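Dear colleague,

Please look it over before reading the notes that come after it.

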Amino acid sequence: MTIEFSRELNPHPLPEDQRARLLADPGFGRVFTDHMVTITWTAERGWHDARLRPYQPLVLDPATAVFHYGQAIFEGFKAYAQPDGSIKTFRPEANAARMQKSAERMALPPLPTADFLAACDLLISTDRAWVPRDGEKTLYVRPFMMATEVFLGVRPANHVTFAVIASPAASYFSGGLHPVSIWLSQEYTRAAPGGTGAAKCSGNYAASLIAQRQAAEHGCEQVVFLDAVERRWVEELGGMNIYFVFDDGTLVTPPTSGTILEGVTRDAILTLATEHGHRVDVRPIDIDEWRSGVASGRITEVFACGTAAVVTPIGRLVWDGGQLSIGDGTTGKVAQELRDALLAIQHGHVPDTHGWMHTVC
Ligand code: COI
């Protein structure tokens with residue numbers, strides 16, 4: 001049994017012509033649908049007061065704990081319009097499970113998978129007119145959870161809010177699919193053993209922003225972090241996982257082992273690459289192997305992957321004192337092959353033999 005949702009429809013949904021204008025060029029994370037879902041948790045009552053309601057500001061007391069101690073987590077997955085007119089999401093149960101793990105790490109209450117799915121499905125089906133129907137555009141779904149107890153003591157909150165909003169989205173990187181340049185952060189790390197690296201907590205992203213700003217100052221679109229102990233093992237980018245393609249067709253991606261987010265796209269690529277005849281090694285890869293591998297031609301492609309980024313080629317690595325180019329300025333063959341395979345499943349152009357797609361409506 002899932003939680004019961006009360007439903008208050010938006011009396012002023014955006015008129016169709018205005019929605020169409022926004023859907024024509026939504027960018028990423030700028031446009032939001034007509035509704036949202038919230039569910040409240042308290043230590044006394046557990047999860048309750050589940051509501052679909054018009055998209056609106058959350059009004060919070062200045063002493064709300066999340067503002068002070070950052071007890072907050074989030075997820076991201078996408079809804080895809082299918083050729084038969086239905087709407088499906090990609091592996092949302094994996095996001096539900098990861099949110100439960102993040103919640104555990106951040107001393108937040110886990111939301112049962114059935115309630116997570118019911119909340120997201122209700123929002124998507126209510127706002128189904130916002131799911132783009134053209135090209136590679138999608139509806140990006142953003143569930144999040146935060147400490148909403150009004151209290152300045154430092155302890156796990158006794159009042160928590162889970163919410164879901166949705167945002168029609170085109171490419172995460174402006175300018176569409178192209179090889180991106182990456183700044184190697186040698187000053188800052190993202191996660192330490194025993195820390196929160198494997199949790200999708202807001203603080204991880206906050207901690208990456210100064211390095212992301214340095215990336216921009218060096219003309220780069222993203223930042224890559226090394227491990228916090230030896231400062232040599234490649235971990236992940238500011239908001240996506242990383243894969244290396246070797247000249248014998250082998251793919252290498254670092255093990256998640258506590259400091260790296262267990263990406264759902266990363267996991268799907270492990271499966272798809274194997275099915276496409278690639279060997280996949282999940283092993284640590286150090287920054288010198290990256291540099292020397294590209295120089296010697298052993299590493300032929302590097303790509304980032306994530307829900308927002310899908311599969312995005314990395315064309316340049318820049319660090320303090322040097323840089324190297326990877327590939328010829330176009331998307332590499334393997335990255336393209338895996339990207340196409342993934343998108344074909346998600347957009348319903350090939351059968352979903354893995355049981356990855358979840359029918360919403
Ligand atoms: C995602 O790919 O969904 C992410 O969470 C990355 C970023 C937008 C924060």
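This is a predicted model: local features need pLDDT of at least 70, side-chain atom pairs count only at pLDDT 80 or more; totals for chains, interfaces and linings use all residues.

The protein is divided into two parts: domain 1 covers residues 5–169, and domain 2 covers residues 180–346. Taken over C-alpha atoms, their centres lie 27 Å apart.

**The interface**

How many residues of each domain are in contact with the other? On the side of domain 1 there are 21, and these meet 21 residues of domain 2. The area buried between domain 1 and domain 2 comes to about 1800 Å², and carbon and sulfur atoms give 56% of that area. Within domain 1, the residues that lose the most area to domain 2 are F74, F90 and R98, which together make up 33% of what that side buries.

Polar interactions also link the two domains. Between domain 1 and domain 2 there are 13 residue pairs in polar contact, counting pairs with both residues at pLDDT 80 or more. Three salt bridges are found across the interface of domain 1 and domain 2.

As to which elements make up the side of domain 1 that touches domain 2, at least two residues each are supplied by β4 (72–74), β5 (77–81) and α3 (92–105). The largest share, six residues, comes from α3. By residue type, that side of domain 1 consists of ten nonpolar, four polar and seven charged residues.

R98 is found in helix α3. Is R98 buried or exposed? The relative accessibility of R98 is 9%, and R98 counts as buried because this value is under the 20% cut-off. The side chain of R98 is joined to that of E75 by a polar contact of 2.7 Å. Neighbours within four places in sequence aside, R98 is in contact with E75, K200, L261, E262, G263 and V264.

Domain 2 (180–346) begins at the position of V180, a residue found in strand β9 (residues 180–185). With a relative accessibility of 2%, V180 counts as buried. When neighbours within four places in sequence are left aside, the residues in contact with V180 are F173, E221, T312, P313, I314, G315 and R316. From V180 to E262 the separation is 82 residues in sequence and 22 Å in space, C-alpha to C-alpha.

**Two residues with positive phi**

Most residues other than glycine have a negative phi. Which values do D49 and A107 take in this model? For D49, phi is near 50°, a positive value in a residue other than glycine. D49 is placed in strand β3 (residues 46–54), and a relative accessible area of 38% makes D49 partly exposed. A107 is not a glycine either, yet its phi is positive, at about 55°. A107 lies in the loop between α3 and α4 (113–126). At 41% relative accessibility, A107 counts as partly exposed, because this value falls between the cut-offs of 20% and 50%.

With kind regards

Technical notes: Residues are numbered from 1 along each chain as its sequence is written. Side-chain values use heavy atoms; hydrogens and water are left out. Domain bounds come from an automatic or database domain assignment. Contact means heavy atoms within 4.5 Å. Buried area is the accessible area (1.4 Å probe) that two parts lose on being put together, summed over both. A salt bridge is a side-chain nitrogen of Lys or Arg within 4 Å of a carboxyl oxygen of Asp or Glu. A polar contact is a pair of N or O atoms within 3.5 Å; within protein, one must be able to donate a hydrogen and the other to accept it, and residues adjacent in sequence count only if both atoms are side-chain atoms. Helices (H or I, at least four residues) and strands (E, at least two) are DSSP runs, numbered from the N terminus. Ala, Val, Leu, Ile, Met, Phe, Trp, Tyr, Cys and Pro count as nonpolar, Asp, Glu, Lys and Arg as charged, and the others, Gly among them, as polar. Buried means under 20% relative accessible area, exposed over 50%, partly exposed in between (1.4 Å probe, protein chains only).
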